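Take a look at the chain below.

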Amino acid sequence: MSLRGPKVWLWRWRRNPLKRRADKVEAWVVLGAWLLTVLAGVAAGLAATGSVEHSLARERAEWRQVEAHLTEKAPGRSGQSGPTSGDQVWAKVTWQSADGTFRTGQVRVDPGSVAGTPVTIWTDPEGRLVTRPATESQAALRASLIGALTGLSAAFVPFTAGRMLRGRLERRRIDRWDAEWARFGPMWGRTTG
């Protein structure tokens with residue numbers, strides 16, 4: 001059994017002779033908090049999405065595939081069987097950067113690869129070793145997820161501030177009711193005569 005009546009849409013904005021100033025303030029606080037929540041969330045989410053997409057597109061444009069060579073035999077045995085047969089191991093490689101200098105680094109290769117084996121790696125414009133850049137679909141997914149999380153995080157601030165302000169208004173209203181009851185409550189016991 002429900003003690004509530006039917007839900008009335010926009011009840012905060014309807015005329016009512018019993019509506020107090022505090023009710024009107026609360027209605028505006030709720031509206032403002034929801035508007036700020038939506039605007040902050042959408043703006044932050046779109047900004048983060050655009051920034052991540054731009055950054056990942058720049059990586060795709062600037063990072064290059066380079067052929068490197070193993071400087072030593074990779075640990076393990078080639079054709080190794082067992083639970084780790086598909087695993088790769090870390091090995092040292094060397095490559096020539098765009099400015100002509102030779103660089104070294106660690107990459108994952110098949111176990112037992114011999115020294116001098118060519119390995120394809122990715123480098124940034126300065127010739128530093130980087131991971132493979134995200135594809136367009138991977139970049140879109142990452143940007144969307146980061147944008148959604150950023151939007152939710154940004155929306156949390158005005159939502160929480162609105163809830164706190166509304167709670168404070170509620171406490172203030174209850175304190176006023178208590179003061180009014182303290183003043184008029186004793187009069188209810190009196191009889192006229």
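Begin with the inside of this predicted model. Its largest nonpolar core has 11 residues. They are Val66, Ala68, Leu70, Ala74, Ala91, Val93, Trp95, Val107, Val109, Val119 and Ile121. Which elements give two or more residues to this core? The answer is four strands: E1 (64-70), E2 (89-96), E3 (102-109) and E4 (118-123). In soluble globular proteins, nonpolar side chains tend to be buried together.

Step back to the whole chain. The protein chain has two helices and five strands. Read from the N terminus, their order is α-β-β-β-β-β-α. The chain has 193 residues, and 24% of them count as buried. Now take the contacts between residues at least 6 apart in sequence: 63% of these join residues at least 24 apart.

Next, visit a few single residues. Tryptophan 63 lies in the loop between helix H1 (21-62) and E1. Is tryptophan 63 buried or exposed? Its relative accessibility is 15%, so tryptophan 63 counts as buried. The cut-off for buried is under 20%. What does tryptophan 63 contact, apart from its neighbours within four places in sequence? The list is Trp122, Thr123, Asp124, Pro125, Val130, Thr131 and Pro133. Take valine 130 from that list. In sequence, tryptophan 63 and valine 130 are 67 residues apart. In space, their C-alpha atoms are 8.1 Å apart.

Threonine 123 is another residue on that list. Threonine 123 sits in strand E4. With 6% relative accessibility, threonine 123 counts as buried. Beyond residues up to four places away, threonine 123 touches Glu62, Trp63, Arg64, Val66, Trp95, Arg128 and Val130.

Proline 111 belongs to the loop between E3 and E4. Proline 111 and alanine 91 are 20 residues apart in sequence. Their C-alpha atoms are 9.0 Å apart in space.

Now follow helix H2 (136-184). H2 has 49 residues. At 1.5 Å a residue, H2 should span 72 Å. Its end C-alpha atoms are 71 Å apart, which agrees. Which residues of H2 are buried? They are Ala139, Ala143, Gly147, Gly151, Ala155, Pro158, Gly162, Leu169 and Arg173. Look at how the numbers in that list are spaced. An α-helix has 3.6 residues a turn, so residues three or four places apart point the same way. The cover over the buried residues of H2 includes H1.

Finally, turn to the outside. The protein chain has an accessible surface of about 14600 Å². Carbon and sulfur atoms account for 60% of that surface. One nonpolar patch on the surface is formed by Ile174, Trp177, Trp181, Phe184, Met187 and Trp188. Together these residues have about 700 Å² of accessible area.

Note on methods. Residues are numbered from 1 along each chain as its sequence is written. This is a predicted model: local features need pLDDT of at least 70, side-chain atom pairs count only at pLDDT 80 or more; totals for chains, interfaces and linings use all residues. Side-chain values use heavy atoms; hydrogens and water are left out. A nonpolar core is a set of buried Ala, Val, Leu, Ile, Met, Phe, Trp, Tyr and Cys residues joined through side-chain atoms within 4.5 Å. Buried means under 20% relative accessible area, exposed over 50%, partly exposed in between (1.4 Å probe, protein chains only). Patches are made of residues with over 30% relative accessible area and no salt bridge: like charges are joined within 9 Å, nonpolar side chains (Val, Leu, Ile, Met, Phe, Trp, Tyr) within 5 Å. Accessible areas come from the Shrake-Rupley method with a 1.4 Å probe; for residues, only the protein chains shown count as cover. A salt bridge is a side-chain nitrogen of Lys or Arg within 4 Å of a carboxyl oxygen of Asp or Glu. Contact means heavy atoms within 4.5 Å. The expected span of a helix is 1.5 Å times one less than its number of residues.
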